[in-house]
Amino acid sequence: MERQDRNELILEHASALFAENGIAGTTVRDIAGRAGILSGSLYHYFPSKDAIADHIVMHYLDALIARYRAILADGDEPRTALTRLATASIRVSRMHAHASTIYQRETGYLRQLPSHEAIRAAARTIRETWESVLARGAATQAFRDDLPIPLLYVLIRDAVWLTPRAVIPTAEDGHDIAEAIISVFLDGITVRPDGTDERHSR
């Protein structure tokens with residue numbers, strides 16, 4: 001097996017173990033055993049367990065931010081941009097399911113990793129991307145301007161990252177889920193007495 005293939009195999013099994021048992025609850029021996037190599041041999045590919053966790057998390061965050069930057073570059077109107085950010089978040093999290101779980105659950109351990117500052121910077125970029133779209137929507141009166149942008153971001157973030165865990169296997173690509181989540185925030189769930197809802201009044 002070529003070195004690159006072995007690297008990918010180690011990362012694949014390590015990410016599954018980290019997601020299942022936590023990073024602290026996973027040993028180098030566990031990873032090596034799952035990958036079918038001796039524990040000592042693993043160090044020929046990665047210097048430490050933390051280096052493996054670093055790679056897994058940063059690869060996920062880099063993929064997410066790359067999608068976000070492409071969306072911002074297109075200059076869509078705020079509602080479209082918001083839906084596309086939600087869709088991208090769900091799709092990338094689906095493609096990197098174990099890494100997404102690790103990122104969400106291992107906040108305390110991630111502070112110990114060598115790339116902690118890079119992870120913090122990525123998290124800041126993610127937050128600023130969402131908040132910039134929300135702020136643009138408020139400034140153009142596409143969205144209400146009387147609600148705190150940081151609060152809106154936290155509410156939508158949690159809906160986007162946590163809700164799909166239960167339903168995403170039934171969705172083909174995550175776009176329908178993203179549209180539903182954004183619609184709940186922007187249109188609400190109330191039907192008017194005349195039988196219409198906010199979507200049909202715009």
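Trainee: Is the crossing of H5 and H8 left-handed or right-handed?
Mentor: In this predicted model, local features need pLDDT of at least 70, side-chain atom pairs count only at pLDDT 80 or more, and totals for chains, interfaces and linings use all residues. Residues are numbered from 1 along each chain as its sequence is written, and side-chain values use heavy atoms, leaving out hydrogens and water. With the near helix turned anticlockwise from the far one by less than a right angle, the crossing of H5 and H8 is left-handed.

Trainee: How are H5 and H8 directed relative to each other?
Mentor: Helix H5 (residues 78-95) and helix H8 (residues 116-139) pack with axes 9 Å apart, at an angle of about 160°. Angles over 145 degrees count as roughly antiparallel. H5 and H8 are therefore roughly antiparallel.

Trainee: How many nonpolar residues does the contact of H5 with H8 have?
Mentor: Contact means heavy atoms within 4.5 Å. Among the residues making it are Leu-82 and Leu-85 of H5 and Trp-130 and Val-133 of H8. By class, there are 3 polar and 1 charged residues, and the nonpolar ones number 8.

Trainee: What percentage of the protein chain is buried?
Mentor: The protein chain has 12 helices and 0 strands. Of its 202 residues, the buried ones make up 45%.

How values were computed
Axes are lines fitted to C-alpha atoms, for helices over the stretch in contact, and angles run from 0 to 180 degrees between N-to-C directions. Helices (H or I, at least four residues) and strands (E, at least two) are DSSP runs, numbered from the N terminus. Angles under 35 degrees count as roughly parallel, over 145 as roughly antiparallel, 65 to 115 as roughly perpendicular and the rest as oblique. Ala, Val, Leu, Ile, Met, Phe, Trp, Tyr, Cys and Pro count as nonpolar, Asp, Glu, Lys and Arg as charged, and the others, Gly among them, as polar. Buried means under 20% relative accessible area, exposed over 50%, partly exposed in between (1.4 Å probe, protein chains only).
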